[in-house]
Amino acid sequence: MLKHIIRYMLVPAFALVIVINGYKWFNTKFGGDAGNTSQVESSGEASIGGAFTLTNQNGEKISDKDFTGRMMLVYFGFTNCPDICPTDMATITQAMEELGSNADDIQPIFITIDPERDNIQQLKNFIGNFYNTFQALTGTAEEIAQVANEYRVYSKKVDSAELSQYTMDHSAYIYLMDRKGKYLTHFRHDQPVEEIVDGLRKYINF
Ligand code: NI
């Protein structure tokens, strides 16, 4: 975590750009306030999510059908992310922990938008820092592009003057999908853990 904090302090403006761009993009795509989930739900237009077959941190093929009967909490990011992704992943982890036994009802899923660097070993190292039922998924560039498109995820490779390697500009929303893989709602970056826990509880034990 300290490493993330130090890296974050080196690139605060950059992280801000990611959030602002992701926010602008989301507003463009869905209209209205990206923080107001009810607007997305009530629009009837938002078709978020879809089928996927990807590879997890253990090298196993995983599809959305494997999680039928449970809700999926889906987050797109990349393991080299200086701040946004580790923060959101820690938030999801904390929310899952606070759900206690109800957490069994929810499958947390991390999908990389950087398949070029996020191979199986990289995912395994990364996901070990977070909630123990997390599935971390990667795939070919085509597979990732398809699932990102299904979830309306914005991502873009960006060369950074501050960092030795390229980084990724990306939207950061946490999607909650129902037991058949249909979109229920989403949570935004920096949403307090308690709000996320309350949001999840609304759908548990339906
Ligand atoms: Ni990120």
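The legends below describe close-up views of a predicted model. Residues are numbered from 1 along each chain as its sequence is written, and side-chain values use heavy atoms, with hydrogens and water left out. Local features need pLDDT of at least 70 and side-chain atom pairs count only at pLDDT 80 or more, while totals for chains, interfaces and linings use all residues.

View 1. The nickel ion has as protein donors Cys81 (SG), Cys85 (SG) and His170 (NE2), at 2.1 to 2.2 Å. Donors are N, O and S atoms within 2.8 Å of the metal (3.2 Å for Na, K and Ca); water is not among the atoms, so sites may look incomplete. Along the chain the donors have the spacing C-x3-C-x84-H. Helices (H or I, at least four residues) and strands (E, at least two) are DSSP runs, numbered from the N terminus. Cys81 counts as buried because its relative accessibility is 0%, and His170 counts as buried at 1%. Buried means under 20% relative accessible area, exposed over 50% and partly exposed in between (1.4 Å probe, protein chains only).

**View 2. A patch of negative charge on the surface.** The patch gathers Glu97, Glu98, Glu194, Glu195 and Asp198. Patches are made of residues with over 30% relative accessible area and no salt bridge, like charges being joined within 9 Å and nonpolar side chains (Val, Leu, Ile, Met, Phe, Trp, Tyr) within 5 Å. Accessible areas come from the Shrake-Rupley method with a 1.4 Å probe. Asp and Glu count as negative, and the place of a charge is taken as CG of Asp or CD of Glu. H4 and helix H7 (193-201) each supply at least two residues of the negative patch, and H7 gives the most, with three residues. Asp198 lies in helix H7 and is partly exposed, with a relative accessible area of 49%.

**View 3. Salt bridges.** A salt bridge is a side-chain nitrogen of Lys or Arg within 4 Å of a carboxyl oxygen of Asp or Glu; by this rule the count comes to four. Arg179 pairs with Asp105, their closest N and O atoms being 2.4 Å apart. This pair links distant parts of the chain, 74 residues apart, with Arg179 in the loop between E8 and E9 and Asp105 in the loop between H4 and strand E4 (106-112). Arg179 is partly exposed at 24% relative accessibility, whereas Asp105 is buried at 16%. Asp64 forms a salt bridge with Lys65 at 3.0 Å between the closest N and O atoms. Asp64 is buried, with a relative accessible area of 14%, and Lys65 is exposed, with 56%. Asp114 and Arg117 meet in a salt bridge at 2.7 Å, N to O, and both residues are buried.

View 4. Most residues other than glycine have a negative phi. Arg152, in the loop between helix H6 (141-150) and strand E6 (155-158), has a positive phi near 55°. Asp190 has a positive phi near 75°, sits in the loop between strand E9 (183-188) and H7, and is exposed at 57% relative accessibility. Lys180 is in the loop between strand E8 (173-177) and E9 and is exposed at 73%. The C-alpha atoms of Lys180 and Phe67 are separated by 8.2 Å, the residues being 113 apart along the chain.
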